[in-house]
Amino acid sequence: MTSLSITPSNIFMILGFILSLYTCVSNDVIQTLGTFLSSTKDRPVWQVWLFTSTVLIITFTAGWIINNGDMAFGLLDRIPHPERFYWWHILPPLILLYLTKKGIPVATSFLIISIFSSNTIIGMMIAKSFTGYVAALIVSLILYFLIARSVEKIFLYMKNKPVSIGWIIAKWVSTAILWTAWLLQDGSKIFVYLPRKLDLWQMIICLIIFTGLLYIICYRRGGEIQNIIKLKTNTQDIRSATIIDIVYAAILIYFLNLNNIPMSTTWVFLGVLAGREIALYNRLRFITEKKVYKYILKDFTKAVIGLVVSILVVLLINYSDKIYTLILNYFNL
C-alpha cells in the first residue's frame, strides 16, 4: 500500500493485513461484541452490522485525523515497519485462523505483533498482559462480590422476563464504548502490516475492507469462539452483559493510557470473566464449585496454549536461519 507497484513484498503485506484483520477480530469478538451478539440474536444482521460499523468508522476516522494518519493510535511507535515482507509474515494470521476455528482464545497481540518486535518489546507485552489479567480478576472479583446479591441475583430471576427499553439503550451504549476502547487498544495488531502513516485513500480502503469482514462476523454471530461467552453465568442477559462491558472497557482504557506497549486484551477479558464467576459462585452458589473452576481453568489453559503457540511461531520465524543452519550442520549437509 506504500506504492501502486505490484511486488511480492506488497502482496504479502496486503495479504497479511487482510488475514490479520479478519482473524484478530474473529478471535477477539467474544471480548467486545460477544455479549452484544448474544443479546441481539433476534435482531436482523444488517442492524447489528450497521451499528458496529458506524462506531468503527467514527473511531478510526477520528484517530486518523487526530494522529496525522496513524491508525494504531501510537501503539506501534516502538515497532518498526519492515522494509520487505516475505511469505512467513502471513504464517501467524493463518495459524491464528486455525486456532480460532478450534475455539481457542489466542493472545492475538503476541502472535501477530511479536514477529515485528524485539525480544525486549515481547517481554514487556507479556508482562503488561499478565498484569492486566490479574488486575481484571481482582477488580471484577471485588465488584461482583459487592453486587452479586443486590444486582446479579435479581437479573437471574428476571432473565425470562421482558427487558426495559432503558437497559436495551444502556447495552447499545456500553457496546459502543467497549468496541471503541478495543479498537483503540488493538489497532496495533490490526494495522501492524501497514505503513505507520496512511493517506486518505489508504485509510478509506482499510475501512471498506474492515467493514466488509465485520459483516461476515456479525452474520456468523461470532462463530465457534462465541462458546466461551455462552458458558458463563447469565451473560446473554442484556443487563448482566452491560455491566461486563463497562467493567472491561474501563480496564482497557486504563491500560491504554498507562503506556504505548501493546497488550493482550484477551487476557484482560478472561480475567474479568474469572473474577465474576468466582464472586457469583461464592455469593449465590448457583452451580457446583467444580464446574465454576473447571470453566475458569479451561479458559486459562486455552489462553496459555495460545500464548505458547504464539511464542513458538515467533521464535521459529525469527530464528529460522539459525535453525536451518543447525540442521544442516547436524546432518553434515
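Is Glu277 buried or exposed? At 1% relative accessibility, Glu277 counts as buried, where buried means under 20% relative accessible area, exposed over 50% and partly exposed in between, with a 1.4 Å probe and protein chains only. The model is predicted, so that local features need pLDDT of at least 70 and side-chain atom pairs count only at pLDDT 80 or more, while totals for chains, interfaces and linings use all residues. Residues are numbered from 1 along each chain as its sequence is written, and side-chain values use heavy atoms, with hydrogens and water left out.

A search of the whole structure finds 4 salt bridges, each a side-chain nitrogen of Lys or Arg within 4 Å of a carboxyl oxygen of Asp or Glu. Among them are these:

| Pair | N to O distance |
|---|---|
| Arg276 and Glu152 | 3.4 Å |
| Lys189 and Asp186 | 2.6 Å |
| Glu277 and Arg276 | 3.4 Å |

Arg276 belongs to helix α11 (residues 265-284) and Glu152 to helix α6 (residues 119-157), so the pair links distant parts of the chain, 124 residues apart, helices being DSSP runs of H or I with at least four residues, numbered from the N terminus. Glu152, Arg276 and Glu277 are linked in a network of salt bridges; Arg276 is buried at 0% relative accessibility, as Glu152 is at 1%.

Lys189 and Asp186, by contrast, both lie in helix α7 (residues 165-191), 3 residues apart, about one turn of the helix. Lys189 is buried with a relative accessible area of 1%, and Asp186 is buried at 0%.

Key:
Helices (H or I, at least four residues) and strands (E, at least two) are DSSP runs, numbered from the N terminus.
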